[in-house]
Amino acid sequence: MAENSLIPIERIEKAILLIRSQKVILDRDLAELYDVPTKVLNQAVKRNLKRFPDDFMFQLSPEEFENWKSQIVTSNSAIRMGIRKRPFAFTEHGVAMLSGVLNSDRAIEVNIAIMRAFVKLREILATHKDLARKLEELERKLGQHDTHFQAVFEAIRQLMAPPPPQPKRRIGFARDNL
């Protein structure tokens, strides 16, 4: 059923960001998924603002906007300079509300795909938390006396930990490369 989706779930998952401790998708990414200009999406939302309270949609603060812009990995400065307005961020509920605002077959299909991506992400996070809880329980049952088990527990924790952030590569010509 999800395999026949209009948009690959991986593409949607990449668009989901964590801002203000909430999983959101920015207006420009939603517009791209819906295959409409961002301006059109935002106009439809503004005509229906009562449907989008703060817990459904919010605009990035100037600081969040600058931080987000600095993290866009692109070599085309013309594209970065074209981003003048602070984007709107839509929570899962805001994305669901968009289905009532954008009334097309594509909008319905995209909404279904996005909802499935949010559900899959929630399931992955729940599984990870459940695994960590079970590991702690097992460690308590076996006690702290067996050093072999302690090594195994530590190895599992390292595998479960998120990878450390990669150092950012400097762009441009480096003198060391001469």
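**Close-up views of a predicted model**

**View 1. S21 sits in the loop between β1 and β2.** Strands here are DSSP runs of E with at least two residues, helices are runs of H or I with at least four, and both are numbered from the N terminus. The model is predicted: local features need pLDDT of at least 70, side-chain atom pairs count only at pLDDT 80 or more, and totals for chains, interfaces and linings use all residues. Residues are numbered from 1 along each chain as its sequence is written, and side-chain values use heavy atoms, leaving out hydrogens and water. S21 is not a glycine, yet its phi is positive, about 60°. Most residues other than glycine have a negative phi. S21 is exposed, with a relative accessible area of 72% (exposed is over 50%, buried under 20%, partly exposed in between; 1.4 Å probe, protein chains only).

**View 2. Four strands form an open sheet.** The order is β1-β2-β4-β3, with antiparallel pairing. Two strands pair if DSSP finds at least two bridges between them. β1 (16–19) and β3 (57–59) are the edge strands, each pairing on one side only. From one strand to the next, the twist averages 40°. Four bridges join β1 to β2 (residues 22–26) in the antiparallel sense. I19 has Q22 in β2 as its bridge partner.

**View 3. Helix α6 lies across β2 and β4.** α6 runs at about 90° to β4 (88–91). Axes are lines fitted to C-alpha atoms, for helices over the stretch in contact; angles run from 0 to 180 degrees between N-to-C directions. In α6 (residues 92–101), the buried residues are E92, G94, V95, L98 and V101. They cover an arc of only 160° around the axis, so they lie on the same side of α6. The arc is that of the directions from the helix axis to the C-beta atoms.

**View 4. Helices α2 and α3 pack at an angle of about 105°.** Their axes are 8 Å apart. α2 (residues 27–34) is therefore roughly perpendicular to α3 (65 to 115 degrees; under 35 is roughly parallel, over 145 roughly antiparallel, the rest oblique). D27, R28, L30, A31 and Y34 in α2 meet T38, L41 and N42 in α3; contact means heavy atoms within 4.5 Å. The contact residues divide into four nonpolar, two polar and two charged. Ala, Val, Leu, Ile, Met, Phe, Trp, Tyr, Cys and Pro count as nonpolar, Asp, Glu, Lys and Arg as charged, and the others, Gly among them, as polar.

**View 5. D35 lies in the loop between α2 and α3.** D35 has a positive phi of about 65°, although it is not a glycine. D35 is exposed, at 59% relative accessible area.
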